[in-house]
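Dear colleague,

Please find the structure below. My notes on it follow, and you are welcome to check them against the coordinates.

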Amino acid sequence: MQERQLGALKVSALGLGCMGMSEFYGPGDEAEAIATIHRALDLGVTLLDTADMYGVGRNEELVGRAIRGRREQVVLATKFGNVRAPDGSFVRIDGCPEYVRAACEASLRRLGVETIDLYYQHRVDPNTPIEDTVGAMAELVRAGKVRYLGLSEAAPETIRRAHAVHPITALQTEYSLWSRDPEDAILPTVRALGIGFVAYSPLGRGLLTGQIKRIEDLAADDYRRNSPRFQGENFARNLALVAEVEAMAREKGCTPAQLALAWVLAQGQDIVPIPGTKRRRYLEENLGALAVQLDAQDLERIHRILPPGAAAGTRYAAPQMQALNR
């Protein structure tokens, strides 16, 4: 397995996003999900990504069961800040110090571990100064409950202010051929500070795999049915772009997913994509991206197909978009 450096943390070049194993992407199969995590570890994947909000805690519990007896093989990342009620309804974004401490204790309990390797603030709380939130996170490091700190979907100035309080190891933000916004200011900021970059949804929430051709291909409770990029004319325009990616992938002798991941990997050695899957066969396909070589001509062609801003529709619906880049 190839490795990359996230700040001071060494991880596999591709991580595994575990969110969909418990929620959002249709029904799950816990036995297959755990088998997928085990297969990832067998193949050298070390970075596992979860969050307390995924499945309202159930995803952390699942990951905890999967890594039992194999903790030393895992760089375990989880997140706090998106507060949900037991019924799954969204309550608030909370970054106050008291909540940071309580959320960490709850995550440690669900994961069944003594230490979290990489602890992220999932979304920035506009009502709590970032210095206060990161100050509380730093206390967790000093207490030995957390090893390294991260932020997710934070704005450049917020990243700088946070990093001044305690070193930030990783910044996690959506980044893919669909979502190239980080290239403008986020990537230059984290690179100037020596912070690693974790790319979530590097397959455009599955659309770049070429497996989704109709909205009916998604389960009835799949949250993507309400995503702007999967709606109406946006969906039709995006499928046309996917067809061009598929054509190039055929010429390269790889799958569209492998081409999309190879592109993200080619954007810098400080970038670690965390494609999510709940099935072993897709995990193995994704890892095949590590063998796909893209030369300058390939990258230029991909840029022509999907330049920044090419995707139709916003990343999230309007209420969620307001929580980004604070």
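The notes below cover the cysteines and then the salt bridges.

This is a predicted model, in which local features need pLDDT of at least 70, side-chain atom pairs count only at pLDDT 80 or more, and totals for chains, interfaces and linings use all residues. Residues are numbered from 1 along each chain as its sequence is written, and side-chain values use heavy atoms, with hydrogens and water left out.

Cysteines

Searching the whole structure gave 0 disulfides, a disulfide being a pair of cysteine sulfur atoms within 2.5 Å. For C18, the closest cysteine sulfur is that of C104, and at 18 Å it is too far for a bond. C96 is in no disulfide either; its nearest cysteine sulfur also belongs to C104, 14 Å away. C18 is buried at 0% relative accessible area, while C96 is partly exposed at 22%. Here buried means under 20% relative accessible area, exposed means over 50%, and partly exposed lies in between (1.4 Å probe, protein chains only).

Salt bridges

The search of the whole structure found 25 salt bridges, each defined as a side-chain nitrogen of Lys or Arg within 4 Å of a carboxyl oxygen of Asp or Glu. Three of them are described here. Helices (H or I, at least four residues) and strands (E, at least two) are DSSP runs, numbered from the N terminus.

R315 pairs with E153 at 2.7 Å, N to O. R315 sits in the loop between α10 (296–305) and α11 (318–321), and E153 in the loop between β9 (146–152) and α5 (156–165), so this bridge ties together parts 162 residues apart in sequence. Both R315 and E153 are buried.

K252 pairs with D298 at 2.8 Å, N to O. Because K252 belongs to helix α7 (residues 232–252) and D298 to helix α10, the contact links parts that are 46 residues apart in sequence. K252 is partly exposed, with 31% relative accessibility, whereas D298 is buried at 12%.

E300 and R304 form a salt bridge of 3.9 Å, N to O. These two residues are both in helix α10, 4 residues apart, which puts about one helical turn between E300 and R304. E300 is partly exposed at 40% relative accessibility, and R304 is exposed, with a relative accessible area of 56%.

Regards
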